Amino acid sequence: MSKKIFKKSVMIIGKILLIATALSVINTITFAADDPMSVVNNLSNFMFGLIRALGMILLGFGIVQVGLSLKSHDPSQRANGFMTLAGGIIITFSKEILTLIMGG
């Protein structure tokens, strides 16, 4: 039964990865401009969009891991799930964290 749940989880995570990547590419379009700083800012926004998509994927995978660990009563899997969850949150909000650190 757990292999069946794991396979479904991997399928769901794969679909989430595909959707998140498509949305991040569709929503962030880089345009060429006369101002070099606007080109750099557009590229930066595009890269942070891809990083945010990766963070959301890790966030979803962490939630699945924690859920599976609660069902199987596995403390080491639970710890890994919470670490993945925390890493996903940090990666998802990396642009905001860097903005707070830089004071801008």
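Helices here are DSSP runs of H or I with at least four residues, strands are runs of E with at least two, and both are numbered from the N terminus. On that basis the chain has 4 helices and 0 strands, and the order along the sequence is α-α-α-α.

Some ground rules. This is a predicted model, where local features need pLDDT of at least 70 and side-chain atom pairs count only at pLDDT 80 or more, while totals for chains, interfaces and linings use all residues. Residues are numbered from 1 along each chain as its sequence is written, and side-chain values use heavy atoms, with hydrogens and water left out.

First, the chain as a whole. Its accessible surface is about 7600 Å², 75% of it from carbon and sulfur atoms; the areas come from the Shrake-Rupley method with a 1.4 Å probe, and for residues only the protein chains shown count as cover. Buried means under 20% relative accessible area, exposed means over 50%, and partly exposed is in between, again with a 1.4 Å probe and protein chains only. Of the 104 residues, 19% count as buried. A contact means heavy atoms within 4.5 Å. Among contacts with a separation of 6 or more, 55% are between residues 24 or more positions apart.

Now helix 2, residues 36–72. The expected span is 1.5 Å times one less than the number of residues. For the 37 residues of helix 2 that gives 54 Å, and the end C-alpha atoms are 54 Å apart, so the two agree. Just after helix 2, His 73 has a positive phi of about 55°.

What lies on the other side of that residue? Helix 3 covers residues 75–92, and it packs against helix 2 at about 160°, with the axes 7 Å apart. Axes are lines fitted to C-alpha atoms, for helices over the stretch in contact, and angles run from 0 to 180 degrees between N-to-C directions. The pair is therefore roughly antiparallel, a label for angles over 145 degrees.

Which residues does Gln 65 touch, leaving aside those up to four places away in sequence? They are Gln 77, Asn 80, Gly 81 and Thr 84. Gln 65 counts as buried because its relative accessibility is 15%. Other buried residues in helix 2 include Gly 49, Ala 53, Ile 57 and Val 66.

Last, helix 1, residues 2–27, which holds Ile 19. Ile 19 counts as exposed, because its relative accessibility is 51%. Ile 19 and Ala 53 are 34 residues apart in sequence, with 9.2 Å between their C-alpha atoms.

Definitions and conventions: Parallel < 35°, antiparallel > 145°, perpendicular 65-115°, else oblique.
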